[in-house]
Amino acid sequence: MTNEDPQPISALWQNEFNVDNLIDYARASKDLSDYIRVLVKEGYRHLVVPSRGAVPFINAAAAAWRLDVRALPNFDDRLREMTELTYSPFHQKLVLPFSADPQDATQTTMSIRRYWSRVLAALVRRNGTDPHLTLYKVLVESLAKRSWLAALPSKLPTEKFIFVDTVVSGRAICEIFKAFEELGLNECHFVLIVDARGAEVASRYQREITAMADQGRCTVIPVNRLFTEDRGPAVSGVWSTVYPQVLDAVRQRFEWARDAYGAGTFYWQVSSSQVKQREGIGTTDYNMPVTQMYASISVGIFTAVRALQDLEGVEQKLVDQVGRHATGFEDMLSERKAEIEINLRRQLKYQLMSFRESVDEMRPYSPMDKETTRTLAEPRVLEAHPNAVVEVSSSHLVRVKLPESEVARVMIDAEREIALGKDVLDDDWFR
């Protein structure tokens with residue numbers, strides 16, 4: 001089996017999975033946490049997540065908030081802040097797969113963003129009879145075999161939501177800007193985590209992002225390297241699945257669905273049965289290459305988040321211990337900060353060394369290889385659809401191809417649900 005990532009594993013370790021980038025992710029996650037806490041005070045209570053690459057930042061940002069709560073000096077303050085966290089956007093999170101996977105020249109990424117923007121608009125406005133939203137329900141239940149109530153948070157987003165996305169060239173987010181404007185979704189706030197500190201963003205897209213920021217509707221968080229972008233579940237913790245044949249049939253049947261070919265579902269499960277690799281690979285309850293890699297990256301980022309918090313609090317701790325006017329205070333402060341930084345880098349180097357050893361032991365099932373994503377995804381798909389063919393795109397989107405008879409069955413479900421015009425949000429679960 002060959003590794004299909006454009007960089008060999010050695011280059012990945014040197015350029016992407018390294019100490020500096022883990023610390024940079026932690027810094028960005030703390031910034032994201034701080035920005036969301038400010039937005040909460042401005043009335044934003046919901047989080048919308050359209051990309052796999054943003055998920056690790058959001059998880060680490062929530063962890064940063066929890067660490068800040070634990071560091072508070074008294075019980076009443078901790079209780080108040082923990083209550084705020086419990087009702088924060090981190091616990092009212094809507095994940096929608098805005099991922100674009102055009103199959104031919106007639107399909108554009110702009111149309112795919114419009115489709116998902118319409119699904120989001122229907123949720124925001126509680127329009128449970130919207131056909132785009134109804135189609136998503138059919139995909140979740142008939143294809144992903146998941147509960148509709150489990151696919152959405154009970155507290156659906158309102159017009160004032162926070163949209164957290166990752167940005168590389170800028171094209172995708174600017175298409176989303178346009179789609180939101182067309183639908184009147186103009187009260188949300190965008191928080192954008194930008195690769196290469198913005199150096200790779202095309203100038204025309206940079207102008208649009210800057211204009212949105214100037215309007216007070218966009219916050220940019222630059223990072224050195226978005227190593228979670230367009231990679232498999234071993235890095236982001238998320239699988240994204242599309243069903244090309246079903247969506248072609250939907251497009252042909254419904255005029256409003258001409259742009260529905262980007263529709264798909266999310267699925268994530270980064271736990272795994274504890275069996276030997278060669279016994280487990282290819283079965284539905286085995287996920288070890290994903291589990292080990294995802295856990296290693298997550299632990300590294302959390303380690304850095306905790307150290308950055310320690311750095312923020314070290315001055316006050318020293319003041320409490322010796323007083324700000326103690327002889328040599330600034331030297332003591334510098335020494336303590338240096339000690340925290342040295343210990344952090346030492347811990348991360350050790351974690352990365354152990355992580356790399358684990359990856360080497362898993363060969364030929366490299367977690368970075370799209371073939372490993374396919375091997376792990378296939379048994380889960382076949383459990384629900386025994387006659388399906390599973391492929392994986394270069395960005396690790398899982399494509400599920402079904403026989404004509406199963407496509408016809410799903411179309412019957414879709415036609416019935418849409419013809420009935422039932423309110424798919426008419427349940428006590430949704431608020």
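View 1. Since six of the six residues of β4 (residues 189-194) are buried, the strand is largely enclosed by the rest of the structure. Strands (E, at least two residues) and helices (H or I, at least four) are DSSP runs numbered from the N terminus. The model is predicted, so local features need pLDDT of at least 70 and side-chain atom pairs count only at pLDDT 80 or more, whereas totals for chains, interfaces and linings use all residues. Residues are numbered from 1 along each chain as its sequence is written, and side-chain values use heavy atoms, with hydrogens and water left out.

**View 2. Strand β4 pairs with β3 and with β5.** Two strands pair if DSSP finds at least two bridges between them. β3 (residues 161-167) and β4 run parallel and are joined by six bridges; Ile162 stands opposite His189 in β4. From β3 the chain passes through helix α8 (residues 171-183) to β4 in a right-handed β-α-β crossover (with the strands pointing away from the viewer, the path from the first strand over the helix to the second runs clockwise). Five bridges pair β4 with β5 (residues 218-222), also in the parallel sense, and Phe190 stands opposite Cys218 in β5. The crossover from β4 to β5, through helix α9 (residues 203-214), is right-handed.

**View 3. The open sheet has five strands in the order β2-β1-β3-β4-β5, with parallel pairing.** Its edge strands, β2 (93-95) and β5, each pair on one side only. The twist averages 20 degrees from one strand to the next (axes are lines fitted to C-alpha atoms, for helices over the stretch in contact; angles run from 0 to 180 degrees between N-to-C directions). Three bridges join β1 (residues 46-49) to β3, where Val48 stands opposite Phe163. Helix α2 (residues 19-41) packs on the sheet and touches β1, β3, β4 and β5 (contact: heavy atoms within 4.5 Å).

**View 4. Helix α15 (residues 370-384) bends by about 30 degrees at Ala377.** The bend is the angle between axes fitted to the seven residues ending at a residue and the seven starting there. Pro379 follows within four residues. Buried residues of α15 include Leu376, Ala377, Pro379 and Val381.

Conventions
Buried means under 20% relative accessible area, exposed over 50%, partly exposed in between (1.4 Å probe, protein chains only). The expected span of a helix is 1.5 Å times one less than its number of residues.
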